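Student: Hi! Could you walk me through this structure? I'm new to it.
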Amino acid sequence: MQPIYLLSLIAAYFCVLLFIAYFTGKNDTNDTFFSANKKSPWYIVAFGMIGASLSGVTFISVPGWVQTSQFSYMQVVLGYMVGYIVIAYILIPIYYNLQVTSIYEFLKHRFGPTSHKTGFVFFFISRVLGSAFRLFLVASVMQYFIFDAWNIPFEITVIFSILLIWIYTFKGGIKTIVWTDTLQTVFLLSAVFATIYIILNRLNLNVTDIFTSTEFDKYTKIFFTDDFNGKKHLIKSFLGGMFIAIAMTGLDQDMMQKNLTCKNTKEAQWNVLSLGFVLILVNFVFLTLGALLFIYAEKFGIQIPIVEGNIKTDLLFPEIALKGDLSFSIGIIFILGLIAAAYSSADSALTSLTTSYCIDFLDIKKREESKQKAIRKRTHIGISVLLIIVIIIFKYVLKENVISSLLQVASYTYGPLLGLFTFGIFTKLNIKDKYVWMVAIISVVLSYLLDANSIRLLNGYQFGYELLIINGLFTFVGLFLIKDKTISN
């Protein structure tokens, strides 16, 4: 598929997003930008959050992960569902009762300003890195299949990608995103199912044949229980998935900001629970797609792309869709699915980072009302520039499969948030607030040292996603050590 056709398709897609942004951004106020005036229908939010939860990382990287990890990711996904139940019945009622705009305001109410700022900083780092991972992936695909043909530098591709997001979010913010995410989820899911259908036809298989095929069977092992020391063990993956969901959704301003646009607690709970159930089915479909891609590549002699000497399984899906001998339509389907997946998470990340920075760091509500909108818009631009810088850095330092790297980083950055919120919710102890930032940093350092030396210290044990739990536990113990003598009401 020629690069000019791909670029034209992207341009047309963004024209549709701009059309939506025009109507949702007419009321250009901070209340609209930050909370959509709390008038979003829960089912619209829930459907749109499917795309935001999956992102371009899932769209490309999860299928590419099948070669080395088979269907072990489903162990993590099943843990997600339990995590969503915790979010629905513990965290959401707290956020709605406090009527917060940023969820880290809870830490201010519970502990004090230092805890509030610490929560914000760790979210900010987490979301900047997470969003940069996702955008790096889509920018890499655009670079490899479109802009390399015109000798356009990767840095320009990144700037172009971020600029597109900024254009359609700078007015409507979260209100725009609730509706654009719905459209993007439609494209994302349609692309996956259409791709599976086309590949099955090319392989002369039907749906029943997939699950009885010996070729398919070698990729589809879900439960790993034989080696507890390994990273893929069932218990470790399930618990890791549970706490990843709690931390990366329930303690993440990006994901919770959408939930907080619902009219009330009950609708927000329905939103989260329905999302958790649907994600189990959708992730299984993505893994099935991954197995089919490797079967197809093996049968037709398609090589996994190599970039700068590194094998990139992340690029197998686009390699087959855009350079294989499948129909022209699959290239269109792939690009629509990719940009839908990538931008449905990236746009909300840019908005949530702007929201959190304004509320948690700048305390915008205390600024002069006449200046609040200008502050928000300057922040929006600043966050965009920061994302551009981080994505470009990733080009030179990122070597592993993107989703593996993303979840590994989350284990470090979300751990202190997990410990802070757990201590605040499940104990009545007060703490010496001024020392909280030290506890959070020490917890991350201890977690890193334990992970780096676990094989030697723990008889061959390797940490997987459960490192997030250990990190949160370190924070919890640290907070207990700096407890105050007074008891919170």
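Predicted model: local features only at pLDDT ≥ 70, side-chain atom pairs only at ≥ 80, totals over all residues.

Student: Where does glutamate 466 sit?
Tutor: You'll find glutamate 466 in the loop between helix H20 (454-457) and helix H21 (467-481).

Student: And which residues does glutamate 466 touch, not counting those up to four places away in sequence?
Tutor: Leaving those sequence neighbours aside, glutamate 466 is in contact with Lys236, Gly240 and Tyr461.

Student: Switching topic, how many residues does helix H13 have?
Tutor: Helix H13 runs over residues 265-300, so to speak, with 36 residues. From its first C-alpha to its last, H13 reaches 52 Å, close to the 52 Å expected.

Student: Where does H13 bend?
Tutor: At leucine 279, by about 25°.

Student: What's going on at the ends of H13?
Tutor: Asparagine 264 caps the N-terminal end, with a side-chain oxygen 3.3 Å from the backbone nitrogen of lysine 266. Just after H13, glycine 301 has a positive phi of about 65°.

Student: What about H8, how many residues are there?
Tutor: H8 (residues 174-202) has 29 residues and reaches 41 Å, close to the 42 Å expected.

Student: At roughly what angle do the axes of H8 and H13 cross?
Tutor: They cross at roughly 35° and come within 10 Å, and the crossing is left-handed.

Student: Which residues meet there?
Tutor: Among them are Leu188, Val192 and Phe193 in H8, and Val282, Phe286 and Leu289 in H13.

Conventions
Residues numbered from 1 in each chain as written. Heavy atoms only, no water. Helix = DSSP H or I, 4+ residues; strand = E, 2+ residues; numbered from the N terminus. Expected span 1.5 Å × (residues − 1). Contact = heavy atoms within 4.5 Å. Bend = angle between axes of the 7 residues up to and from the residue. Polar contact = N/O pair within 3.5 Å; in protein donor to acceptor, adjacent residues only side chain to side chain. Axes fitted to C-alpha atoms, helices over the stretch in contact; angles between N-to-C directions. Left-handed = near helix turned anticlockwise from the far one by under 90°.
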